[in-house]
Amino acid sequence: MSTTLTPVLSRNWDQPDSFTITAYRRNGGYRALRKALRMQPDEIVQAVKDSGLRGRGGAGFPTGMKWGFLPPKSDKPRYLVVNADESEPGTCKDIPLMMANPHVLVEGIIISAYAIRSHHAFIYVRGEVLHVIRRLQQAVAEAYEAGYLGKNILGSGYDLDLVVHTGAGAYICGEETALLDSLEGYRGQPRLKPPFPAVAGLYGGPTVINNVESISSVPSIVANGPDWFASMGTEKSKGFGIFSLSGHVTRPGQYEAPLGITLRELLEMAGGIRKGHRLKFWTPGGSSTPLFTEEHLDVPLDFESVGAAGSMLGTRALQIFDETTCVVRAVLRWSEFYAHESCGKCTPCREGTYWYKQMLKRLEAGQGTEEDLETLLDLSDNILGRSFCALGDGATSPVTSSIKLFRDEYIEHFKQGGCPFDPAKSTVWAGEQ
Amino acid sequence: MGYPPETLARLERDAKEIIARYPKPRSALLPLLHLVQSEDGYISQDGIEFCAEQLGITPAQVTGVATFYTMYKRRPAGEYHVGVCINTLCAVMGGDQIWEELSEHLGVGHDEATEDGKISLERLECNAACDFAPVVMVNWEFFDNMTPEKAKQLVDDLRAGKEVAPTRGPNRLCTWKEASRVLAGFPDGRAGEGPQAGPQTLAGLELAKRNGWTAPPADADRPEPDDPAAGSETQGDIHR
C-alpha cells in the first residue's frame, strides 16, 4: 500500500476533551492565529492560493482564488459565511469535525476573515444536529472570552464578530446563494449568478462562502506553510481531505488522507467489504456524483481523476453497497430525496424530480417497461444543465449512471414483475438471526 | 388570541437578543421561529404573528418562510420527536425496517404524534451520520447504529418517563421545546457533556496511530512563540 493516512484535522479527536479550548490550545491551537495577525492579509490570501487548497464542499473551486475575487474596495461591509449545512446524502465529515474539534473551525474563520478584511462572520449550521450546535456555541463563547473574537483581537487592532446561525431543515441551503437567502431570513432559494457572492452576497455585500473543512484547513496552511500542504495530494488536487466510508464496509468511519488515495486502499484500511460479500456500486462523493463500480477501485480520488472516470470527487462521501443491494431501490430513494428537497423555483428540477419519483416507484415495483428507461434518460436530459442550480443536475447523476451501469437489473424488475432482491439481506443485522 | 402578557414580555426579551446578533433584523427570522417552537412546540398562529410583529413584516411573509423548512412543524410535535433516516444508505442498512416496525409499534405514521403527545414520528432525510447507519434522531440528538428492537425500546422508555441518553450527545435527552431553545441560540450549558466522538469517527485516526502514520513534518519556519494562555500544557502542534 503506497498511500497512508495523514491525520491533521482529526489529529486530536481521540482526546476526550478535544472540543474544549483548553485541549485545542494544549495541542498548539490558536498559534496559527498569532502568526496570521502578524502577517499582511494579502500574504495569507497568497499562502492559501499557493497551497492549492480547493473547496472541500464538493465543487473543488480554489479557495484562495475565491477570496481573490472580492473587489479590493467597496462601500459595503464584507462577510465570511461558513457553509456548515452538511446534507448531501452520504456526507458525514463536517458534523463529526465540528463535534470533536469546533475550535479548528473557529480559528480558521478568524484567520480567513482577517485575510479577506471582514469583520462579521457566520457559521450556517444545519439545524438537525443539536449537540454539534451546542459545541459550536460553546467554542465561539470560549473564543470571545479568550480575546480571539470581538474587539482588538490579541491586541492587533482587528475586530471580528462571529455568529452561529442554525438552519431549519433544507438541503438546498447548502447551495451557497440559497444559503444567503436563508441567512437573510427568506425561503432558501438559489439566486441568479452573476453577480457572484464575491461581488454581491450577504445583504448585497462582498461575501466569501466556504465549506467547514476548507476553512478548518487554513490554520494548518498558515502554521506550516503552503509547501507543506501542497506536499500532500496530487499535482492539481493538493492536500489532505476527510474520506467518509459508510455502508457495507467492515469498519465504516472517517479516514483523513491525501487526495488521490484510491477506494482499494481505503477499503483495505477499513477491513474490506463486509464479510462474505463483494462490492457492487459506490458513490465517490455523495448521491449527486455518478455511481462507480468495482471497475473504479483504482481511480485516484482527486478532482481530475474522478472527473475523467465519469463522476465527481464531490464531498468524498464513499457510500459502499454490496451485491445484496437493489440499485433501483437505491436510486428511487435518492430521487425521492431530491424531489423532497427541490426548492420549487425552477421547472426542470421541480417537475423533473417529481416525475423521477413516480417513474422509479413504478419501475421498482416491476410495473415499468424498457421504454420507461428511455423516458427517464430523456427526462434527465431536460434536467441536467437546464436547472437553475446544481441540485437538479445532481438529481440526474444516480438515475443516468445506474441505467448505464445496471440496465439489466432494471429490466429484471419488469421480467419478474417485482424487485428480485430481499431487502432483509442488505441490513446490518442480516445473517445475525 | 395572542400570548399572555408575561409570556409575551419574556419572548420579546429573547427576540430582542436574537435580533441584536444580526446586521439586519430579518436575518433573525429562522431563530425566532425556533424560539416560537420552544414555546408552543410548533409554529402556532400566535407565533407567526409574534415573529411578524418583531420584524415589521407580514404574517404571510413569516408563513411563507416557516412552511419552506421541514424543522418547523405545523402541528404540535411530541415531547420527543423521533426521526428515522430513510435516505438510501440508512434505508438499505436497516432504516426501512426500523421505520416500519416503529411506526407499527406506535400506531402513528409520518408527521404524526401519539395520543399522549409523547412521541411524534418523522421519515428523515440524510442526517450526516452515515458511518453510524442506521441512524435515529430524537429531538435532533444522535442515536447511532440502531436496530428495530433498540428503536422500540427507546420509544417505550421515553413514554415511560425513563431517562435516555443519546449515543453522541448530552447525558440525558432534553425535550423538544428545550431543544428548540438551543436552536434559537440560547445555550443550555450542556456542550461539555457526552463523548467528543463516536468509534466510527475515530476509525481512521486509530489506524493511523497503530501504524505510525502522520502528516509530513512542517516547513522549517517554526517554532511560534507559545500561547501564554496554554501554559505548560503545550505538547505539540495540532496543525502538523
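1. Basis of the note. This is a predicted model, in which local features need pLDDT of at least 70 and side-chain atom pairs count only at pLDDT 80 or more, while totals for chains, interfaces and linings use all residues. Residues are numbered from 1 along each chain as its sequence is written, and chains are lettered from A and ligands numbered from 1 in the order in which they are written.

2. Domains of chain A. The bounds, which come from an automatic or database domain assignment, divide chain A into domain 1 (21–230), domain 2 (240–322) and domain 3 (327–424). Eight residues of domain 1 of chain A are in contact with nine residues of domain 3 of chain A, where contact means that the C-beta atoms of two residues, placed from the backbone, lie within 7 Å. On the side of domain 1 of chain A that touches domain 3 of chain A, five residues are nonpolar, two polar and one charged; here Ala, Val, Leu, Ile, Met, Phe, Trp, Tyr, Cys and Pro count as nonpolar, Asp, Glu, Lys and Arg as charged, and the others, Gly among them, as polar.

3. The sheet of chain A. Four strands form an open sheet with mixed pairing, in the order E6-E5-E8-E7 (chain A); strands (E, at least two residues) and helices (H or I, at least four residues) are DSSP runs numbered from the N terminus, and two strands pair if DSSP finds at least two bridges between them. Strand E6 (253–258) and strand E7 (279–283) of chain A stand at the edges with a single partner strand each, so one side of each has no neighbour in the sheet. Direction ignored, neighbouring strands of this sheet are turned by 25° against each other on average.

4. Pairing of strand E5 of chain A. Strand E5 (residues 240–247) of chain A runs parallel to strand E8 (residues 317–322) of chain A, and four bridges join them; A:Gly247 has A:Ile320 in E8(A) as its bridge partner. With E6(A), by contrast, E5(A) pairs in the antiparallel sense over six bridges, and A:Phe240 stands opposite A:Pro258 in E6(A). A hairpin of five residues joins E5(A) to E6(A).

5. Burial in chain A. A residue is buried if 20 or more other C-beta atoms lie within 10 Å of its own, exposed if 12 or fewer, and partly exposed in between, with C-beta atoms placed from the backbone. E6(A) is mostly covered, since six of its six residues are buried, and helix H9 (residues 212–224) of chain A is also mostly covered, with 13 of its 13 residues buried. Just after H9(A), A:Gly225 takes a positive phi of about 95°.

6. Overall layout of chain B. Chain B has eight helices and five strands, and its C-alpha trace spans about 70 × 45 × 30 Å along its principal axes. Of its 240 residues, 50% count as buried. Chain B is divided into domain 1 (5–66) and domain 2 (80–175), whose C-alpha centres lie 29 Å apart.

7. The contact between the chains. Chain B contributes 83 residues and chain A 100 residues. Helix H2 (29–40), helix H4 (59–66), helix H5 (88–106), helix H7 (176–183) and helix H8 (203–211) of chain B each supply at least two residues of the side that touches chain A, and H5(B) gives the most, with eight residues. The residues on this side of chain B divide into 42 nonpolar, 24 polar and 17 charged.

8. Packing of H5(B). H5(B) and helix H6 (residues 148–159) of chain B pack at an angle of about 35°, with their axes 9 Å apart; axes are lines fitted to C-alpha atoms, for helices over the stretch in contact, and angles run from 0 to 180 degrees between N-to-C directions. Among the residues that make the contact are B:Gln97, B:Ile98 and B:Glu101 of H5(B) and B:Ala151 and B:Val155 of H6(B). By class, this contact has six nonpolar, two polar and two charged residues.

9. B:Pro59. This residue has its place in helix H4 of chain B and is partly exposed, with 15 other C-beta atoms within 10 Å. Leaving aside neighbours within four places in sequence, B:Pro59 is in contact with B:Ile48, B:Glu49 and B:Ala52.
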